Amino acid sequence: MAQPDTKKIFFENLSGAGKAIAVLTSGGDAQGMNAAVRAVVRMGLYVGAKVYFIHEGYQGMVDGGENIEEASWESVSSMLQVGGTVIGSARCKEFRCHEGRLKAAHNLVLQGITNLCVIGGDGSLTGANLFREEWSGLLTELVDQGLIEADAVQKYSALHIVGMVGSIDNDFCGTDMTIGTDSALHRIIEVVDAIMTTAQSHQRTFVLEVMGRHCGYLALVSALACGADWVLIPEMPPEDGWEDKMCKKLSANRAGMKRLNIIIVAEGAIDQNNRPITTENIKNLVVKCLGFDTRVTILGHVQRGGTPSAFDRILASRMGVEAVLALLETTANTPACVVSLRGNQSVRLPLMECVQMTQEVQRAMDGKRFEEAVKLRGRSFENNLRTYKLLAHRKPESELPVSNFNVAVLNVGAPAAGMNAAVRSAVRVGISEGHKMFAVSDGFEGFYKGQIREVKWADVGGWTGQGGSLLGTKRTLPAKHVEKIAEQMRMNNINALLIVGGFEAFLSLLELITARGKYEEFCVPMVMVPATVSNNVPGSDLSIGADTALNAITTTCDRIKQSASGTKRRVFIIETMGGYCGYLASVGGLAAGADAAYIYEEPFDIKDLQANVEHLTEKMKTSIQRGLVLRNENCNENYTTDFIYQLYSEEGKGVFDSRKNVLGHMQQGGAPSPFDRNFGTKISAKAMQWVTKKLTETFRKDEGRVFANMEDSCCLLGMRRRALVFQPVVQLKDETDFVHRIPKEQWWLKLRPLMKILAKYKTSYDVSDSGQLEHVIRNRPKESDASVAM
């Protein structure tokens, strides 16, 4: 397939020839570890290094022998979708003592290994750093004991360490998301969604305990994702008297016709005096004070199990490749580092700086400095906590500010999972800011027909986990009905608009700006929150709904590949949605382990198709039993899904047979993923706060009205690299290909060579955007809490 231009050709600048890299998983297992192992092995082999598995973590390193096994390309096939870690993980007391580390050093030197990729938590990574610091001394001891030759000290003089954090708790400071966290949230939300149906039937209260002995991330984010009534986490214990407040809230919710209550408790939840708060304590309290039928569910190790989510597969694959890059670039003076993502960017952070800050959090909690502990967790954690408080706890009417502003919320374009979470967030934040909130049904079609109603706090209860668009959404643009829409704006005294939608929403704002010259009703603050499975909105790297669609694609591809298990060799041709945007095909291909992904942005011809077939034929003859090819629905008008299917069928005769699948609208359906629920909630809350600010700035007291006609009063709130940024929509016109409805530049195209490398293609790889060593900082820039992470 044709390759994009690259600033650097990877294998010409960095070579692994003569190097040996070992990968191990240590401590608790986490979904996605296998994807990281696979990426390390395949990238290591791609650059010419020898790669070794170390089975059973540090125990295997100490024991040596068969526990240290050379890896091949085929040895990591079919492990991308498997949970846990197939190379095993074990706690190792022996490695904690000097003698154990001496044995481990001997075993590594026997294999010529001086590059270690460690996947684990802070304890595992701290142990790796200590091992690295002792390395030269350990080799000297081995020489003195006659176990290795003297020249080995010089030959293997330095041990290089790169860490990847595998922990479902997301308790490692300096990184946005650790491997396994998103998958654990999937398990939690699946259980909560199931429990909510039975709780509603019987009008029950459920108390759920989730993992997080020292970190409340899972509890906090799952509470945000399901709209829980109460959450208890170790970093922010409830104030004295919380029992009465909680019971009053549960009682008020029941009085408001809510048939269930959900309370989420982190296993390490404590009160202000560091005393544990257990699920049984809470159950007994609710039964005693309110008499509600109450049940306890402890999720336990369910959270560690199951198939990794699309997010974790992509995160782990990117981190695995970045780890190999870091090992190849390291020198004797380079500190041990951790690779991770911030926003959608790779970063490398000094390992011990991250460990020390992680330990500071625990010291702050032990010392009852809870606000400090929350700050040390990072701005993302702080923002999650602030957003939860804003949306879950309604202030009394007497405490609400009175703004006298009316704000309308509507969905425009195709439905996307997470839209309802965004609307709920906008409505509740707007009410908290003192506005009257209005919901518009069926987009601009409903707007011009007058389908506008006021919405209250309780009206959007339970919306977070609902798929589709409860408001109703249409692709209708406003230009044809602009006069009637202006009339409805005037009749309902609408002072601001918040639009949740895709490319049509972007076009709508451009049309409304044009209409400002004729209709002053549109001279109000207007903001758009991107929501589309296609992820094709200019000005934003991510859109609400894209993650849910990716998970639908990944899950379906897993099942389709499994259907060929035990049969003869077979290749599946899968068509994805996205219009002309190849995001779903490319990133879905990376998450599902595809052999090729055809997209509009990367033109291809019959020679490329033929080369792909030949490449897959060779792989089928030697190793794999199943192949996967993804095709974006509009990648080429002539090379249709049927054409590609027939080509593969004909050319693969005698080696493999082919099947095709069109995934269709299943990519738009289903309950939103935890990521989309939280991304929608947080981005919409930020958009509504911007609306409040603009309303205050543009209100003309002398005229008693809002008048906003500057470019910056009509913005798109988008995710850009590491930050959420408000961008005037008129300034985004130059960045947009309006014919094909895609941005002119798209960040994810840099991931395509990675997918090809992991599929055994020889290709160029752009390292210009690879992570640079940064330092851990306590307070990031103000906007950087808008990371891709939840």
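User: What makes the second largest cavity a cavity, and what is its volume?

Analyst: Happy to start there. On a 1 Å grid over the protein atoms alone, a cavity is a set of points where a 1.4 Å probe fits but cannot get out. The second largest cavity has a volume of about 130 Å³, where a volume is the space filled by probe spheres set on the points, with grid points joined across faces, edges and corners. Asn170, Thr175, Asp176, Arg377 and Phe381 are the closest to its centre among the 13 lining residues, which are those with an atom within 4 Å of a point. Searching the whole structure gives five cavities of 30 Å³ or more.

User: What should I know about the model and its numbering?

Analyst: The model is predicted: local features need pLDDT of at least 70, side-chain atom pairs count only at pLDDT 80 or more, and totals for chains, interfaces and linings use all residues. Residues are numbered from 1 along each chain as its sequence is written, and side-chain values use heavy atoms, with hydrogens and water left out.

User: How do the residues lining the second largest cavity divide by class?

Analyst: They are four nonpolar, four polar and five charged residues. Here Ala, Val, Leu, Ile, Met, Phe, Trp, Tyr, Cys and Pro count as nonpolar, Asp, Glu, Lys and Arg as charged, and the others, Gly among them, as polar. Helix α14 (residues 379–392) provides the largest share of this lining, three residues. Helices are DSSP runs of H or I with at least four residues, strands are runs of E with at least two, and both are numbered from the N terminus.

User: What makes the largest pocket a pocket, and how much space lies in it?

Analyst: A pocket is an open set of points with protein on both sides within 12 Å along at least five of seven lines. About 1500 Å³ of space lies in the largest pocket. Its lining has 50 residues, and Ala228, Asp229, Lys249, Asn253 and Ala392 lie nearest the centre. By class these are 23 nonpolar, 14 polar and 13 charged residues. Helix α9 gives the largest share, six residues.

User: How do you know which strands pair with β8?

Analyst: Two strands pair if DSSP finds at least two bridges between them. Strand β6 (residues 205–210) and β8 have six bridges, in the parallel sense, with Phe206 as the bridge partner of Ile262. β7 and β8 have three, also parallel, and Val231 is the partner of Ile264 there. Six of the six residues of β8 are buried, so the strand is largely enclosed by the rest of the structure.

User: Why is the crossover from β16 to β17 called right-handed?

Analyst: The term applies because, with the strands pointing away from the viewer, the path from the first strand over the helix to the second runs clockwise. Strand β16 (residues 496–501) and β17 run parallel and are joined by five bridges. The chain goes from β16 through helix α18 (residues 503–515) to β17, in a right-handed β-α-β crossover. Another right-handed β-α-β unit is made by β7, α9 and β8.

User: Which polar contacts does the side chain of Ser540 make?

Analyst: A polar contact is a pair of N or O atoms within 3.5 Å; within protein, one must be able to donate a hydrogen and the other to accept it, and residues adjacent in sequence count only if both atoms are side-chain atoms. A polar atom of the Ser540 side chain lies 2.6 Å from the backbone oxygen of Leu542 and one lies 3.0 Å from the backbone nitrogen of Met719. Ser540 counts as buried, at 7% relative accessibility.

Key: Buried < 20%, exposed > 50% of the residue type's maximum accessible area, 1.4 Å probe, protein only.
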